[in-house]
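Me: I am new to this structure. Could you walk me through a few of its contacts?

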Amino acid sequence: MKAAVSRSFGPPDVVTVADVPRPEPRDDEILVRVRAAAVGVVDGLARRGSPWYARAHFGLLRPRFPVLGCDFAGDVEAAGAGVSLFREGQAVFGTIAPRFGAHVEYICLPEHGAVAPKPCNVSYAEAAALADATALCFLRDKAGLRSGQAVLVNGASGAVGSMAVQLAVHFGAVVTGVCSGPHLRLVRKLGAESVIDYTRTDFTRAGRRYDVIFDVAGTSSFGRCRRVLNPGGAYLTTAPSPAIFAAMLWTARLGSRRAVVAFTGLRPASEKRKDLLVIRELAEASALVPVVGASYPLARIADAYRHVDAGHKKGTIVVAMS
């Protein structure tokens, strides 16, 4: 089968398409023919082996994960003898995070893994864009978002941000989205009541206060955002750093405003599967609309990485296997 493989760290061109052995499912596994998979920021970091301290996970001298990719959508090609939840030919979507290996034509995973029936009203590429439940975990579980709260999403047009805007609206929040000028219309369409062009306005000095700030882009900080958080408010970020870890520790004990960072990909597969079922229900009810920024064939996966590395700000970048 074909797979996107990188044998060394480096720029997008280190990723090439190669033939690798097709896996065979065990008794409790399903074999999925991957139709589409997301190419995300974490994939780009793993490909480059950066930042330096992440080499403990990505590999010290060479990639520990020559095949990258976590979130996928496809069809069940075969099922092990003990599988009862899925049938051959069934369309599914899911994630293998924190492992990598989804940029392939076929993958095996346990039937009780982070996999669920694909929403019936979206394409494979769109389903792959929905498989990352980061926004759901942060807003529902970390922020405990409630109806009527004021939420700001920094990076509102990106892969996680576009889902965060819609989920916050679904939870009844009043949403402000921060993005670049070309994507203001998209963020409004996703449900944001107001939008801020970060190239023109610093949202931390715009005179508004929020109950939750979700810094998906990772371009701000708790120190800067603290002054525009209401008492009891939370600053959430997906970007780990020594500063946010320190802030998380002291705000858990002092003051009324919290700093939160989390590694949602490390949660048990059983929890991820529940989240996929929630996402599927919302997507089929048209309460959550996937945003695909671009789709590339597997043969052009290096171009997909170039797109991601350039800092695209619209939706999820997807590689199509077939």
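Me: How are helix H4 and helix H9 oriented to each other?
Reply: This is a predicted model. Helix H4 covers residues 134-142 and helix H9 residues 269-284. Their axes come within 11 Å and cross at roughly 100°. Angles of 65 to 115 degrees count as roughly perpendicular, so H4 and H9 are roughly perpendicular.

Me: Which residues in H9 are met by H4, and how do the residues of the contact divide?
Reply: On the H4 side are Leu136, Cys137 and Arg140. They meet Asp275, Val278 and Ile279 in H9. The residues of this contact divide into four nonpolar, no polar and two charged.

Me: How many aromatic pairs are there, and what is the geometry of Trp52 with Tyr53?
Reply: The count comes to seven aromatic pairs. In the pair of Trp52 and Tyr53, the centres are 5.6 Å apart and the planes are at 80°. Planes over 60 degrees apart count as edge-to-face, so the Trp52 and Tyr53 pair is edge-to-face.

Me: Are Trp52 and Tyr53 exposed, partly exposed or buried?
Reply: Trp52 has a relative accessible area of 71%. The cut-off for exposed is over 50%, so Trp52 is exposed. Tyr53 has 45%. That makes Tyr53 partly exposed.

Me: Why is the pair of Phe222 and Tyr235 tilted?
Reply: The ring centres of Phe222 and Tyr235 are 6.2 Å apart. Their planes stand at 55°, so the pair is tilted.

Me: Where in the chain are Phe222 and Tyr235, and are they buried or exposed?
Reply: Phe222 is in helix H7 (residues 222-225) and Tyr235 in strand E12 (residues 229-237). The two are 13 residues apart, and their pair links distant parts of the chain. Both Phe222 and Tyr235 are buried.

Me: Over which rings do the charged ends of Arg22 and Lys118 sit?
Reply: The charged end of Lys118 lies 5.3 Å from the centre of the ring of Tyr124, and sits over that ring. For Arg22 the distance to the ring centre is 4.5 Å, and the ring is that of Tyr106.

Me: Where does Ser180 lie, and what does Ser180 contact beyond its neighbours within four places in sequence?
Reply: Ser180 lies in the loop between strand E9 (174-179) and helix H6 (184-189). Its relative accessibility is 11%, so Ser180 counts as buried. Leaving aside its neighbours within four places in sequence, Ser180 is in contact with Asp197 and Tyr198.

Note on methods
Residues numbered from 1 in each chain as written. Predicted model: local features only at pLDDT ≥ 70, side-chain atom pairs only at ≥ 80, totals over all residues. Heavy atoms only, no water. Axes fitted to C-alpha atoms, helices over the stretch in contact; angles between N-to-C directions. Helix = DSSP H or I, 4+ residues; strand = E, 2+ residues; numbered from the N terminus. Parallel < 35°, antiparallel > 145°, perpendicular 65-115°, else oblique. Contact = heavy atoms within 4.5 Å. Nonpolar A, V, L, I, M, F, W, Y, C, P; charged D, E, K, R; others polar. Phe/Tyr/Trp six-rings, centres within 6.5 Å; stacked < 30°, edge-to-face > 60°. Buried < 20%, exposed > 50% of the residue type's maximum accessible area, 1.4 Å probe, protein only. Lys NZ or Arg CZ within 6 Å of the ring centre and 35° of its normal.
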